[in-house]
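Work through the following exercises with the sequence and the three-dimensional structure at hand.

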Amino acid sequence: MKKFIIVLLCVFACGGAMAYDVMYNTKTRVYHNPSCGSVHNCTNCTRMDSSEAKRLGGRPCGHCGGKK
């Protein structure tokens with residue numbers, strides 16, 4: 001939970017400076033391509049940069065690979 005709050009603070013502090021390219025599930029730590037079918041029902045997903053998702057211990061989705 002602390003990491004999630006830190007990410008949110010960074011997002012607000014950086015404004016639009018970050019490039020958001022994946023959807024990161026904060027519960028499962030899996031990141032997805034924004035158009036992945038697994039994202040549509042995700043209630044724990046937040047948009048972020050893939051490098052940030054990896055830094056938080058994220059792993060790519062088994063279906064989309066977390067890539068565009």
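The structure is a predicted model, in which local features need pLDDT of at least 70, side-chain atom pairs count only at pLDDT 80 or more, and totals for chains, interfaces and linings use all residues. Residues are numbered from 1 along each chain as its sequence is written, and side-chain values use heavy atoms, with hydrogens and water left out.

**Exercise 1. Cysteines**

Task: Determine which cysteines form a disulfide, and state its handedness.

Solution. 
Step 1. Apply the criterion: a disulfide is a pair of cysteine sulfur atoms within 2.5 Å.
Step 2. The disulfide is right-handed, because the torsion about the S-S bond of Cys42 and Cys45 is about 95°.
Step 3. Cys36 takes part in no disulfide; its nearest cysteine sulfur belongs to Cys64, 3.8 Å away. Likewise, Cys64 is in no disulfide, and the nearest cysteine sulfur to it is that of Cys36.
Step 4. For accessibility, buried means under 20% relative accessible area, exposed means over 50%, and partly exposed lies in between (1.4 Å probe, protein chains only). Cys36 is therefore buried at 8%, whereas Cys64, at 22%, is partly exposed.

**Exercise 2. The salt bridge**

Task: Find which residue forms a salt bridge with Arg55, and decide whether each partner is buried or exposed.

Solution. 
Step 1. The criterion is a side-chain nitrogen of Lys or Arg within 4 Å of a carboxyl oxygen of Asp or Glu.
Step 2. The partner of Arg55 is Glu52, and their closest N and O atoms are 2.8 Å apart. By this rule, one salt bridge is counted.
Step 3. Both Arg55 and Glu52 belong to helix α2, where they are three residues apart, about one turn of the helix.
Step 4. With a relative accessible area of 53%, Arg55 is exposed; Glu52, at 16%, is buried.

**Exercise 3. Two loop residues**

Task: Locate Arg29 and Leu56, and describe the surroundings of Arg29.

Solution. 
Step 1. Arg29 is in the loop between β1 and β2. Its phi is near 60°, a positive value in a residue other than glycine.
Step 2. Arg29 is partly exposed, with a relative accessible area of 43%.
Step 3. Leaving aside neighbours within four places in sequence, Arg29 has contact (heavy atoms within 4.5 Å) with Tyr24, Leu56, Gly57, Gly58 and Arg59.
Step 4. Leu56 lies in the loop between α2 (50–55) and β4 (59–60), and it counts as buried at 6% relative accessibility. A distance of 9.6 Å separates the C-alpha atoms of Leu56 and Tyr24, which are 32 residues apart along the chain.

How values were computed:
Helix = DSSP H or I, 4+ residues; strand = E, 2+ residues; numbered from the N terminus.
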